[in-house]
Amino acid sequence: MPDVTEASDGYVPPPRTGPNPFQVVDPNVITALPEGCKVDAITPHGSSFWTQTAHLKTVSEDGGLVSFFLKVALDEQGRRMMHGEFESMMALYKVVPDFVPKPLAWGSYKDIEGMHFFLCDFQYVPSLETPSCPLT
């Protein structure tokens with residue numbers, strides 16, 4: 001199998017420069033949270049080529065834990081991606097709300113120039129591994 005750098009369309013490394021977007025939760029992300037949610041923790045989650053993703057854990061006014069999925073991307077291309085993902089998820093959510101996580105917001109970071117975000121409910125996905133079963 002050829003190395004990805006030998007792909008016919010070329011290899012473009014993902015943008016991973018600048019400050020850590022998950023060192024603290026940006027004020028504009030906090031503003032987008034449902035009323036009463038207070039940030040408890042943020043941790044990188046999963047992987048994505050052009051974006052960075054995180055699991056944002058909050059505590060609601062009644063003390064319940066509420067989790068959100070946060071995706072960020074840089075520059076104008078990233079802004080368009082975050083807006084497009086929000087609009088696409090909203091369209092899907094309106095038609096089949098049990099199929100996709102509820103989208104909450106998209107916007108730009110206040111404290112990191114050129115950083116844009118998409119925020120939605122966190123969807124816990126069970127392991128895709130199948131239990132082993134003997135063939136005999």
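## A walk through the predicted model

Glu76 and Arg79 sit three residues apart in helix α2, about one turn of the helix. Because Glu76 and Arg80 are four residues apart in helix α2, about one helical turn separates them. Together, Glu76, Arg79 and Arg80 are linked in a network of salt bridges.

Glu85 has 23% relative accessibility, so it counts as partly exposed, while Lys71, at 14%, counts as buried.

The largest nonpolar core has 17 residues, and Leu56, Leu70, Tyr109 and Phe117 have the most contacts inside it. Strands β2 (52-59), β3 (65-74) and β5 (115-121) each supply at least two residues of this core. Apart from it lies another core, of nine residues, including Phe69, Met89, Phe118 and Phe122. Back in the 17-residue core, Tyr109 is worth a look: beyond residues up to four places away in sequence, Tyr109 touches Pro21, Phe22, Asp26, Asn28, Val29, Leu70, Val72, Met115 and Phe117.

Now for the outside. Leu92, Val95, Val96 and Phe99 make a nonpolar surface patch of about 410 Å². Of these, Val95 lies in helix α2, which spans residues 75-95. Val95 counts as exposed because its relative accessibility is 66%, where exposed means over 50%. Glu61, in the loop between β2 and β3, has 69% relative accessibility and therefore also counts as exposed. Glu61 and Glu35 are 26 residues apart in sequence, and their C-alpha atoms are 8.5 Å apart in space.

Finally, a word on confidence. The chain averages a pLDDT of 86, and 79% of the residues score at least 70. Over residues 1-5 the pLDDT is below 50, and this stretch has two contacts in the model beyond near neighbours in sequence. Where pLDDT is low, the predicted coordinates should not be read in detail.

Note on methods: Residues are numbered from 1 along each chain as its sequence is written. This is a predicted model: local features need pLDDT of at least 70, side-chain atom pairs count only at pLDDT 80 or more; totals for chains, interfaces and linings use all residues. Side-chain values use heavy atoms; hydrogens and water are left out. A nonpolar core is a set of buried Ala, Val, Leu, Ile, Met, Phe, Trp, Tyr and Cys residues joined through side-chain atoms within 4.5 Å. Buried means under 20% relative accessible area, exposed over 50%, partly exposed in between (1.4 Å probe, protein chains only). Contact means heavy atoms within 4.5 Å. Patches are made of residues with over 30% relative accessible area and no salt bridge: like charges are joined within 9 Å, nonpolar side chains (Val, Leu, Ile, Met, Phe, Trp, Tyr) within 5 Å. Accessible areas come from the Shrake-Rupley method with a 1.4 Å probe; for residues, only the protein chains shown count as cover. A salt bridge is a side-chain nitrogen of Lys or Arg within 4 Å of a carboxyl oxygen of Asp or Glu. pLDDT is the predictor's confidence in each residue, from 0 to 100.
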